[in-house]
Amino acid sequence: MAEQSLCTEDSIERTLEKYANMVYRIAFSRTKNKYDADDILQEVFMKYIKYNLDYTSEEHKKAWLIKTTINTSKTLLTSAWFKKTTSMPDHLYTTMEEKSEVYYAVLKLPAKYRTVIHLFYYESLSIAQMSSLLETKETTIKSQLHRARKLLQDILKGEGFDV
Amino acid sequence: MFREKYILDNEMIKPDDQLLASLKIQMKTYAKTHEYINDTTTEDLNVKPSSVNLRLLLKYSSFAACFLVLIVSITYSGLFTGSKNSKTTQETTSAETSANSQDIAVEEYSMKSSENSGAVSDSSSRIYKEADEEAKVSIEMAPSSSLTDQKIVISKDTVTSILINKNTDNLASQQAITDSTKISDIVNYINELVLTPVSALPSLDDSKQLVMTIEYGNDINEDVIYLNEHFLKMNQNEWFELNSTDSEKLYSLIDQ
């Protein structure tokens, strides 16, 4: 028992170091808000330590964290509180708006398209992996990617980016 | 080009160091508390000095007595008020009924919560399942369609687009319908369809299957309708049979 707890404590720093950015980036791409991303990051890692699961591999741990991040942000986005409030653009959002045309173009897409774009281009997940993580049929993922790319092409028209 | 720039842009998005430090402390504190609880072995719990047992007995029995007195006094004051004014009783009864129903709702909610927390086990699949159910419940909060009494009802005003996935000559093709008139025509026709339950479903050829994803403006909900010649299925429901005129008309509306 003590051994298990020691392992947990030891792995905290390594896990945070390795996956905090990943979780934060997925959360921000879904919520478009720094403060909501902060909340999601905390919630996901508290779930991680609370459940203290026995992961079969690093890939398993990564998949669990991605899935929990998506589900936690989904819960936030569909909450009555979120629907009734309008968040002010924070400094991170405005920085991305000013400094990054590609990322800002992605932020203009609907949430589900932002998620598939992020998982595909940033996390380099395959269609099959995304299908299993998002519990959506592969054909749906393909068409979402297709539509997202088309929308991005329209937004980035003339900028010379090959989406 | 796009991928490289997108990855580069993402590097700008990082959590604050202060937030990470605080999170680290929270997680470590949780781990330590957990370790402390685990350190208390079963033996320690069972073997207690008799003075401790006596103190515990006195403590809990005094709590129980206070609780009983509280319940009796509440019941008595309720009865007394009731006999004084019957009209007030009627009003309070309705108030109590709504309060009771709220209590039941709260109880159900807490039961669900405890079920959810109880579902937390070492198995990751159960965690996935729980998180999914959580998400599903929130999605079900805003239904945009229904399938009851063998009729599909889709609110056409909320549909923003329809994605069509089909195979033609063994080649998968995708098409997005965003024209409101066309969406309206298709949704109206789907709403009018007469669906017949299938007693014995023949083996369906997947290559002939057409998948319609109906997207709603709320950005999260969507319905998936599977069309395979004369057979139709919505989401995870069972297959229904269409008459040949209906299926031909539906295919022609999609192909228009």
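Of the 163 residues of chain A, 59% count as buried, meaning under 20% relative accessible area, with exposed set at over 50% and partly exposed in between (1.4 Å probe, protein chains only). The model is predicted: local features need pLDDT of at least 70, side-chain atom pairs count only at pLDDT 80 or more, and totals for chains, interfaces and linings use all residues. Residues are numbered from 1 along each chain as its sequence is written, chains are lettered from A and ligands numbered from 1 in the order in which they are written, and side-chain values use heavy atoms, leaving out hydrogens and water.

**Chain A overall**

Chain A has 9 helices and 0 strands. Helices (H or I, at least four residues) and strands (E, at least two) are DSSP runs, numbered from the N terminus. Chain A exposes about 7,400 Å², an area from the Shrake-Rupley method with a 1.4 Å probe; for residues, only the protein chains shown count as cover. Carbon and sulfur atoms supply 50% of that area. Among chain A contacts (heavy atoms within 4.5 Å) with a separation of 6 or more, 65% join residues 24 or more positions apart.

**A helix pair**

In chain A, the axes of α2 (residues 34-51) and α3 (residues 58-77) come within 10 Å and cross at roughly 130°. Axes are lines fitted to C-alpha atoms, for helices over the stretch in contact, and angles run from 0 to 180 degrees between N-to-C directions. α2(A) and α3(A) are therefore oblique to each other. Under 35 degrees counts as roughly parallel, over 145 as roughly antiparallel, 65 to 115 as roughly perpendicular and the rest as oblique. Residues making the contact include A:Ile40, A:Phe45 and A:Tyr48 of α2(A) and A:Trp64, A:Leu65 and A:Leu76 of α3(A).

Two non-glycine residues of chain A have positive phi.

| Residue | Phi | Loop in chain A |
|---|---|---|
| A:Glu135 | about 50° | between α8 (127-134) and α9 (138-155) |

A:Lys32 is partly exposed, with a relative accessible area of 28%.

**A strand residue in chain B**

B:Phe231 is found in strand β8 (residues 231-234) of chain B. B:Phe231 is buried, with a relative accessible area of 12%. Beyond four places in sequence, the contacts of B:Phe231 include B:Val198, B:Leu201, B:Tyr226 and B:Trp239. B:Ser244 lies 13 residues from B:Phe231 in sequence and 9.7 Å away in space, C-alpha to C-alpha.
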